[in-house]
Amino acid sequence: MMNKLLNLLHLILFAVLLSGTLSAQEFKIKGTVTDRYTNETIPGITILVEGTTQGTVTGTDGTFELNVSQEKINLQFTHISYKTLTLEVNRKSGSVNFIGNIALDPHIVDLDEIKIMSSFISDHNTPVAVSTVKARTIEQKIGNQDYPEILKMTPGIYATKEGGGSGDDRLSLRGFQQENVSLLLNGVPVSSMENGLVYWSNWTGLTDATEAIQVQRGLGASRVAMNSVGGTINIITKSTSATAGGALRYSLSDYGNSKTSLSFSTGKMKNGTSLTFLGSHTAGPGYVDATYVNGWAYFLSLSREFGKKHRLVLTAMGAPEKHGQRNYGMSQADFEKYGVKYNKNWGEYNGEILSLSENFYHKPQINLNHYWNITPKTFLATSAYVSFGQGGGKYTEAFNYGKPTWDYRKNNQIDFDAVFLTNSTNTDSTTLADGSVVKGYSKNILTNYKANHYWIGLLSSLTLDLNENFKITTGIHLRNFKSHLYEEVDDLMGGDFWVEQYEWSLAGVSGREQIKKPGDVINVDNYSMISYGNLFGQAEYKFGKLTTFLASTLSGTHYRREDPYNYPQDPLSEPVNKAGFDVKAGAGYKAGKYGSVYGNVGFYSREPYYKFVYVNFSNTIAHDLVNEKITSAEAGYTYESGKITTRINLYHTLWKDKSLLSRENIQLADSTLTRSLVRGLNALHQGIEAEFSYKVFQNLTLAATASYGNWKWQNDVSASIYNDNQVLVDSMMVYTKGLYVGDAPQTQLGLSAEYHTADGFRFSADWVFYDRLYANFDPVNRNNADDRNQPYQVPSYSLFDLYAGYDLQVKQFPVSLQIACQNIFNKQTIIRGDDGSGHDLETFSGFWSLGRTFNVSAKISF
């Protein structure tokens, strides 16, 4: 019996020793799993040692730990919403093997194809300066901000709310204003074809439908960006998800603006069809006086596979809205007297707010994309798109240049009741062109300035992988555009009718009806017609650590104008045709394990905007108009390891033969009004940009951005003054040589931090500093040879924002709670404005930053 007991003890002791030996051989694997595109951590990812049942699941913060004993294993990461990833892990010295961040690709039906179509850059070795803001960051930091402000931590970007209305943002990139920064929506240009401007209010409700926003600074990689002198901003919308689900989100600001959004996806159904929808409604009084908003937004993506080689994707989006604006800047005296919320351009009428600065617009964008995998090495992506915009803005007219509506004042606002009284008691008479005398007309009326348009286009891109090193992309982009600009009577304000005097018409009355009622057209009635096409090609060569590319685009633009107001008998202008081209080349080299260097050069001969072709609001064609010429060179260095990311780049952009129209009318000797045309202006934009991020711990990341520019006008030129028949009647010198380019800070510094805890809390902070910000100015006004003073320099300033969030599970539903605070220290400082005659604060007019604002939101996913 004793021997049996001893044997049993020996057996137990052996098992314990063996167990201890095996335990000593085990080691721990730790890491974090994230979404490759949103950068969000992913809970619930199943992790298995291949060929075994041993495994674990990621926690709420996406982290995991797994004890294994093998020296070499394969880990499988699986989830219904993500593509399975197999990762080889080898044991390192020590008991813990930290394998860092594991990025999984979501099951998104057509995201890769959209990226090819839109020239979206995913390869960090691409020789272009690029920054990308992903969906998670947009959702966390949108708060009370619009699209442009999300990008304010990007080097070289300056984005502000300007007047403070919903979507009335203004953005500059490397000192170039919005008309020289191209905006793409899934790779399709949406900047105005007439003047290059971006109207952000057309897209404000669609931030919830955004997958990523990519900024390509400089000439960039896009083959269809027609005005990317400063750079290209590419908004990539969410694609049809391969898994079913949805979300309901509600947000509320401290000043009363609210937004409700609902999204859902069917997932990929058995017949290969997927559908994703998002709808939202935004409403509220606005932060600035009378900047109310009432807007809807919708996004629909329908995808269908046809076999293994074909896929059709229909995307429709739009944001019908109406919002109050503040279009006119304040003086320092106005700011001190009335405060930052003051808006002088509104009053009360019939007991309701009435603004003379109101915008209303709806611009749906519909795309039908066809993706064709012709062979494993040949891919054709084609997009047919159409957009039709309707709407405009409020305005006012005064009869015979009498007292304007905004000069009727009461309590520092417009007194619309006084306007109504003046009109309803008006006993004056006026004589029409046919000799008849009329009474009862309005002296002041409200009008709507309408700017309807449509465009239709086709973009097709063929990619051919000749071998593993050499790839060719070629394609075509065609677009036809027509707009209708007119002013219509909206409200007679107590009068019986309006008398149209046709004083702005070159033809005069010409027998046309002068008595106008609501809905009738006055003052302006013309059409812009633009047809555009380009052929593009790009060759990419990769060999080992070297990546090179050579790209070129040939383009042509056909202009025409129709003006029945000025030319009732023969409204069509003569056509104008202009050609342009660009050529770009670059190379990137992988330097060491984590580093890479790149350089690129480019030349761009850009056709003039429509507004420079037909001048002075007539069908007369401008003389001697030449293409603008842009020469660019850039070099940079990138370092990316598991913890540290650093990007530094230098740029040099010379802009020659820039054309400008004076903002203000010039009165000629015969009392007619015209505008002067400036040609041949040159500007040099050069500088350095840097981005840095450091993952201090798995849950703490610090980042910094910086840019320093030197942007100056390079020459003095002569401005030509023409009459309505384009006869040169005068000229004047414009003295701009050595003046700093205004409207954007030439020094920018940003710091940010992000921290999250294992139990779902998230915190982040952004601080940004601006300096060397000069007031915007019209070069035509610089016509005094003795005035070489720089424009007014706005005092340097900084803003600080805080964000916090908490992710939790309510039963089986993920819930996300967030709070955002913009301008936490409540700074009220000048952010933009126009230079005055004295180049000082006293003659400056502009906008101040909004005060401290809060936004809270809740989102439940299902």
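These questions and answers go through a predicted model of one chain.

Colleague: What does the numbering follow, and which pLDDT do local features need?
Modeller: Residues are numbered from 1 along each chain as its sequence is written, and side-chain values use heavy atoms, with hydrogens and water left out. In this predicted model, totals for chains, interfaces and linings use all residues, side-chain atom pairs count only at pLDDT 80 or more, and local features need pLDDT of at least 70.

Colleague: How many helices and strands does the chain have?
Modeller: Elements are DSSP runs numbered from the N terminus: helices are H or I with at least four residues, strands are E with at least two. On that basis the chain has 7 helices and 53 strands.

Colleague: What share of the chain counts as buried?
Modeller: Buried means under 20% relative accessible area, exposed over 50%, and partly exposed in between (1.4 Å probe, protein chains only). The chain has 862 residues, and the buried share is 54%.

Colleague: Among contacts with a separation of 6 or more, what share comes from residues 24 or more positions apart?
Modeller: Contact means heavy atoms within 4.5 Å. For residues 24 or more positions apart, the share is 68%.

Colleague: Which residues have the most contacts inside the largest nonpolar core?
Modeller: A nonpolar core is a set of buried Ala, Val, Leu, Ile, Met, Phe, Trp, Tyr and Cys residues joined through side-chain atoms within 4.5 Å. The largest has 46 residues. A second, separate core of 39 residues includes Val340, Leu773, Val780 and Trp848. In the largest core, the residues with the most contacts are Leu151, Leu171, Leu183, Trp203 and Ile233.

Colleague: Why do the buried residues of H6 lie on the same side?
Modeller: Helix H6 spans residues 416-424, and Phe416, Val419 and Asn423 are buried there. They lie on the same side of H6 because the arc they cover around the axis, taken from the directions to the C-beta atoms, is only 55°. An α-helix has 3.6 residues a turn, so residues three or four places apart point the same way. The cover over the buried residues of H6 includes strands E21 (346-349), E22 (352-355), E27 (413-414) and E30 (444-465).

Colleague: In E4, which residue is the bridge partner of Ile29?
Modeller: Two strands pair if DSSP finds at least two bridges between them. An open sheet of 3 strands runs E4-E1-E7 with mixed pairing. Strand E1 (residues 27-35) and E4 run antiparallel, joined by 6 bridges. In E4, the partner of Ile29 is Leu66.

Colleague: Is Asn367 buried or exposed?
Modeller: Asn367 lies in strand E24 (residues 365-375). Beyond its neighbours within four places in sequence, its contacts include Val188, Leu314 and Tyr385. Its relative accessibility is 7%, so Asn367 counts as buried.

Colleague: Where is Asn400 found, and what is its phi?
Modeller: Most residues other than glycine have a negative phi. Asn400 sits in the loop between strand E25 (378-398) and strand E26 (409-410). At 47% relative accessibility, Asn400 counts as partly exposed. Its phi is positive, at about 55°.

Colleague: Asp743 also has a positive phi; is Asp743 buried or exposed?
Modeller: Asp743 has a phi near 85°. The residue is found in the loop between strand E45 (728-734) and strand E46 (745-756). At 5% relative accessibility, Asp743 counts as buried.
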